[in-house]
Amino acid sequence: MISWDLVANAVVAGILLGGFYAAVSLGVSLTFGLLDVVNIAHPAFVILGAYAAYMMNSTLGLDPILTGVLFTPLFYAIGAGVYRIYYASFERRGEESLRGLVFFFGVLFIIEVALSLTYGVDYRLVEAVYIGKSIELGGIGIAFRLLVPCVVGLLMTLALYLFLSRTFYGRAVMGVSQDQVALRLMGADPVRIKTIAFGIGIAAASLSGALLITIAPVVPSTDRDYIGRVFAIAVLGGLGSIGGTLVASIILGVAESLMATLFGPSWSLAVSFGILLLALAVRPAGLFGR
Amino acid sequence: MADPLLEIDSITKRFGGFLALDRVSLRIRAGERLGLIGPNGSGKTTLINCVSGALPTDAGRILFEGRDVTRLPAHRRTRLGIVRSFQIPKPFASMTVLENLGIPLEYAGLARAHGAGAMEILTMIGLDAKAHLRPSGLTQIEMRKLELARAMAARPKLLISDEAMAGLSSAEVDDILAILFRLNEQGITIIMIEHIMRAVMRFSKRVVVLDAGNRIAEGTPAEIVRNPAVEKAYLGE
Amino acid sequence: MMRLRTSTLPGWALVGAVAGTLVLAGAGVLVARAADPIRIGLGMALTGGLSANGKPALMAIRIWKDDVNKKGGLLGRPVELISYDDQTNPATVPGIYTKLLDVDKVDFVVSGYGTNLIAPLMPIAMERKLTIMGILGLANNEKYKYPNYFQIQPSGPDPEANWATGFFEIAARQNPKPQTIALIGADAEYPRHAIAGARELVKKFGFTAVYDKSYPPSTVDYTPIARAIKAVNPDIVFVASYPPDSVGMVRAAAEVGLQPKIFGGGMVGLQFTTVMTSLGPMLNGIVNYDFWAPEATMMFPGIKEFFAEYQKRAKEGGVDPLGYYLPPYAYSAVQILGLAIEGSKSLDQQKVADYIRSNEFSTIVGKVRFGANGEWAKSRVLQVQYQGIKGTDVEQFRVPGKKVVLYPEEFKSGNVIYPYSAAQK
Amino acid sequence: MKTRGALAVGVAVIGLGLALAGLGVNPYVYFAGYVVLQYVVIATAWNVLGGYAGYVNFGTPAFFALGAYTSIFLIEALRAPLPVLILSGGLVAALLGLGIGYLTLRLKGVFFSIATFALSVVLQTLIINWEYVGGAKGYTLIRPPVPFFRSWGVLLFTLMVALAVVTVLVARTIERSWIGRGLAALRDDEDAAECMGVPTLRLKLFATTLSGFFLGVAGAPFPYYVTYVEPSSAFDLNYAVNALAMPMIGGTTTWLGPVIGAVLLGTAQQVATVTISSELNLLIVGVVLVLFVVLAPEGLTGLVRKLRRR
């Protein structure tokens, strides 16, 4: 009794979800894919952004996504600061991978605790005019609560893509991952470039946090649900490939959504990770890997 | 050529659509000093990887001492006596220089009863003073020497030296060459891959030239220098 | 016991303090006890998944302690409370309770919040023959049948089925009687129980289940689920969910236009103030289980005073500002323990348990009598319907008429608006 | 320390454990001790793969839970006794270990870590939907009367002492054998190790299997300890974090590192649970992690080594 109407709706819902997943994963794709920094605390910064949106929404009634955009400079600065600490403690000594991982685990805990000490552990939600409304387009329903984050996610993807391909700093970031010597010849300081890129990654995380709290309620420990997802997407998309990240996000979103609609949602997450495992086994470099 | 030590029988290797080695054949006698040259991307490193077992071949056979080793994993070939050094030194960073030699000695070298111990090798190669340092404390030339010393600790019958001299000064090149000559005198067959022509020509008895995955020339150094095909490959039309 | 309050201390100082505390904790046992208080110990979820409920529960229990001590304590002795954070992790429970019993030498223990945290306490309680008050666990004693266990959650003698009985009775009473039902629940402990009970009730009331699925708790988007349910067009939708998915389902239902005749049942989270204020009018028409609502029928003696105190403290504590769901029950659990200690004039575990088993208690959540397996003798799971909610102002939830009690009959405070869509206007 | 000496020390520790068990000190010690020792097993087992071979396993919860759920299955199906449970839990987890060993053929570094993480998610979903072992509702174990010992707490503590000693002895033996040296070589450079005659695949398979075995062993008695097992606590992320953090704090290159790390961090967590008992507990873990990796990158054993060299 598979109806095409349902399938079409599921695919659309999956694409919407995928747009949001892309937003959450972009930062990881940038920091992990291009800078080789395994920032496992990325989802914690997402939640931090979500709480910023919550705070402005509950006190000033500000739109969560507008807040997200307004806060990006602050989070950029935080990200840059974190990277400087990371660089001074690990990269400069050439012992980044494993210890860096533990470092970021620590950062994740610290953010979680700071949030629950400040805001308590209640579920936090935001209010916005577009929550709870939807439109019908040719038999396909689109919820604004998901459409808006998806559109923002796509814009973020596009912006990051343009930044990386069209600007001097963007090309320098791409260069960092490939050839540090060539980068120096360009007259760019790799540490500075990486600081900028990491700052952008964290800023993207905070903005996607605003999207997250628009879609679903958030508690300080929500970040743990996203650790697996964001790295799965970044790897599946091919590290450092912005387009690949978007495609992988949509694949995961659509797979989850189709599973939920047609076969029972119970297995949807396992299917996503099954896809990842399969992809890793067959093509470790991801879909669009370099 | 009776009883070659290594016999490469028309091996082929593809990367996707790119033909890296096209039915390359080569025979090497025990005790020989063979130079393997060719422009960048000609397939030298791929050939070495196929012989050492780092890459599987798509077609063809590799015989070592008459035994088919085509399907053997790299470490088994090392134990049989095919040992290589790396172009970019890959020392075991957490171990001292002496311990670095312990690994091949334990895993491959001791399979053959005769041969030098780790300290003897270090003395011969001039690294004995640094035996208890970590590789991070070595200079560039010392790293190269460590790479060679470690290969020797596996007690090779065939040593494949992959650009052991790139970036070294002229005196340092002579230093390494002297070591290789000495090894050869001890009966070790050596394949040298090198861009430094002066070194290859001085060292090799026979030189093989690869270009675009094909063997285009073979002969004594003197013959190779005069070979028009080689000149064309290096200089273009 | 030393407590560290400031979070501004540098980390190393904290580590040093931990080491110091270890020494102090050892020495503390030897210190003679002043005034010889009665000690009650418990682990409570102050961090982790259930902490949003655990913190208010602990606050309620502290209020009880202060109330009792103001009146001169129990049996003339002051009451002292010792509590630890179980981190919502069942693996910490055995350690915490042995510490309470053997190092802190508490006289009584009370359970932590939630089925998962009560379960590991059961064998410890049984080995030591303790009297144990459970704070909101579902069917914890079904396998053990331990006589000295008592559960304050009003699920009743058959917890799985009683949970949703009211919901199904209300549905069956409508005319024309709805026929088809969809069951959806999270892949977690409570929802699985609730769905299992609901399946029995589907049979009992003669409905036809047209959809019966579950989803992982970390699901982000619930619109595909809502749409799949909409596709089979059921008359009733029964949802058993935890807070984030409850919110997800309610929003998704609104967005895809899922309009069954009755919607709700077993959604945890809609009772929380932060959730109510953010969902606002989207709640209208939902029929859902609850434990308390500010309706005239629910005004038991002492509850107003309790909420006055609780809401005062909640402001500082950063917990649920209204506290209508769990706190009064947490309070009642220790209230019953206190009454039983006074009533039996004993600190003997067995005597206190016997007293609890054979008496009825008047608590701030009404009259409580325990029956089989230590559950309430008669189920009192409420079914309420959200009606006439406008905007997202928190004050409206303090007055009657917003969460109308439909079931059980003796606490009924209004009539159901049927179908669901009619209540949304 | 010679191997025979280590063996003697091991036996002595077990004896000490038995003596402590017989002594009848405060029962709380047994429960807290069990948890700390469980972490000694977990950290040591993790380190065989993560520290010796350099493959960071994020899927520790999967192995631990597999041990626990193998026990539950065998209790439910056969009422199998504890020694059987421990062996079976270990073997089943070892099989999973062998499986991830083959993953190392294609996946290195962080890719391997992410794959193990994904594996954990998939396995958790399987367990959630497997009603026989309790599914999402969880499984309640009614413990039979305790055999030989005064209480289950004492029995489980003694058992964990023995398991910890065995695990550490095995890890130490491996570390000092040709296998340990081969693993160290492949950790430093896998290509070079293979070319120096080290059978890297076989060693990696050995490491993943053995590491999996002991992680499963650590989880096997867990149902008896908590008596209630449900997927979200059996697959708790904390196991992954602790398994990684403890060897890091102690030092990853020797057997002593994970032991020191597990005892320190494990004890600190136990103490914090019953003293600070709030969010600060997690904060301490976070701060300690950050400080350690920044200030003592080679762990405590590395720090001591460095100080001695001066």
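How far apart are the nearest C-alpha atoms of chain A and chain B? Select both chains and have a look: the nearest C-alpha atoms are 11 Å apart, and the two chains do not touch. Keep in mind as you go that this is a predicted model.

Chain B and chain C do not touch either, with 30 Å between their nearest C-alpha atoms.

Now show chain B on its own, as a cartoon. You'll find 9 helices and 10 strands in chain B. Its radius of gyration is 17 Å, close to the 18 Å that the globule rule gives for 237 residues, so chain B is as compact as a globular protein of that length. Of the 237 residues in chain B, 54% are buried.

Time to move on: select chain D together with chain A. Here 34 residues of chain D are in contact with 40 residues of chain A. About 3500 Å² is buried between this pair, and carbon and sulfur atoms give 82% of that area.

Then colour α5 (109-128), α12 (237-250) and α14 (279-295) of chain D; each supplies at least two residues of the side that touches chain A. Colour that side by class and you get 27 nonpolar, 4 polar and 3 charged residues. What about salt bridges between chain D and chain A? The count is 0.

Definitions and conventions
Residues numbered from 1 in each chain as written. Chains lettered and ligands numbered in written order. Predicted model: local features only at pLDDT ≥ 70, side-chain atom pairs only at ≥ 80, totals over all residues. Heavy atoms only, no water. Contact = heavy atoms within 4.5 Å. Buried area = accessible area lost by both parts, 1.4 Å probe. Salt bridge = Lys/Arg side-chain N within 4 Å of Asp/Glu carboxyl O. Helix = DSSP H or I, 4+ residues; strand = E, 2+ residues; numbered from the N terminus. Nonpolar A, V, L, I, M, F, W, Y, C, P; charged D, E, K, R; others polar. Rg over C-alpha atoms; globule rule 2.2 N^0.38 Å. Buried < 20%, exposed > 50% of the residue type's maximum accessible area, 1.4 Å probe, protein only.
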